Amino acid sequence: MKSTTKIICVLFLCLLFFQSCKLGRFVFYNFANITDYKIFPYRTIETSPTPFIFPETQQPIQPKDIETAEGDVPFDTYLEQTKTVAFLVIQNDSIQYEKYFNKYDDESIVASFSMAKSVVSMLIGIAIEDGKIQSVDEPITNYIPELASNGFEDVTIKHLLQMTSGIYFNESYTNPFGHAATFYYGTNLRKAIHKLKLKDVPGEKFDYTSGTTQLLGLVLERALESQTISSYLEEKIWKPLGMEYEATWSLDRKKDGLEKTFCCLNARARDFAKLGRLYLDNGNWNGTQIVPEQWVKESTKSDTTGHSAPFYQYQWWLTKNAEQFYAKGILGQYIFVDPHKNLIIVRLGEKTSKVNWLKLISQIAHSY
């Protein structure tokens, strides 16, 4: 009996260790998964009582078969084989194609991963419009003064938006002692941010890092003062857009937690598509300007004047000549917007399966 009790106690302590310690979480969960919203504390983002529903088109266009080394594969089969859990094609505000796989459906929650970065950009644009942030040219030490001791006085909000901040950040998700694991599995993002250092002169070089967007999240939290990032998203975007379902945003810790703004907005496929629709219509939602139009235009045009990359602007990815733009997550999550086709494509998956999803999605968009 004593032996059994001892074993139970040891197992309980191990479980507690895994849940509360960064290294323990890393060892136990090993790598990011679309169900990770279950393992982190979170804040809930409520939706509107009158949701906006995309209608289904009367004459849907099925995407063509996919050419593979083994021959042509039906599109549905290909999606299932490549670990896709949701795929939507919406054109002219109507659903052309919507399929779910591996026991997922339209009510299934999926982690956004880095697609959340684009949402943070939306909120920064709104916060500037609301007067909570003065401009993108402000130094971030106006909001995070403790980073002045680390030499961050010359890092501006625009540098964060453009991924030209110059911070040193190890983006590897396979190193349990690297920055990415600390930010993803750790329980004190504010402390981790305080330890960040610079490796390059701010504004001189593009370097995509999750730490940069987490800094942007802390700037936003400080600017909002008494309001959380999640409640700001709820007030400014989630409810006004008439999202069909509530969402959650994962936190580093339960008490006084900070949203993991570099990732971890957890929602459903159709609601992710609505974020694309918002930017497709230049920040306007059925006659109401949600995100400033100029902010959307700045976010979706190619501009390298500040040493930013021609394929990245204000936390959004751009295709060649900025003909399309998209939000992207590590496991092949996409919100792809083609303004010329009035088209939105959402792909959510458990992994990329070594598929060039941007190329494939672009081809699908071209076929409509």
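Tutor: A nonpolar core is a set of buried Ala, Val, Leu, Ile, Met, Phe, Trp, Tyr and Cys residues joined through side-chain atoms within 4.5 Å. Buried means under 20% relative accessible area, exposed over 50%, and partly exposed in between, with a 1.4 Å probe and protein chains only. The model is predicted, so local features need pLDDT of at least 70 and side-chain atom pairs count only at pLDDT 80 or more, while totals for chains, interfaces and linings use all residues. Residues are numbered from 1 along each chain as its sequence is written, and side-chain values use heavy atoms, with hydrogens and water left out.

The largest nonpolar core has 94 residues, of which Leu215, Trp249 and Leu275 touch the most other members. The greatest contribution to this core, nine residues, comes from helix α4 (residues 115-129); helices (H or I, at least four residues) and strands (E, at least two) are DSSP runs, numbered from the N terminus. Beyond its neighbours within four places in sequence, Leu275 is in contact (heavy atoms within 4.5 Å) with Val119, Met122, Ile237, Trp238, Leu241, Met243 and Ile335. Another core, of 25 residues, lies apart from the largest one and includes Phe75, Ala309, Phe336 and Ile364.

Helix α8 comprises residues 210-224. Because 14 of its 15 residues are buried, α8 is largely enclosed by the rest of the structure. Just after α8, Glu225 has a positive phi of about 60°.

Cys263 and Cys264 are both buried. Their sulfur atoms lie 1.9 Å apart in a disulfide, a pair of cysteine sulfur atoms within 2.5 Å.

Key
The expected span of a helix is 1.5 Å times one less than its number of residues.
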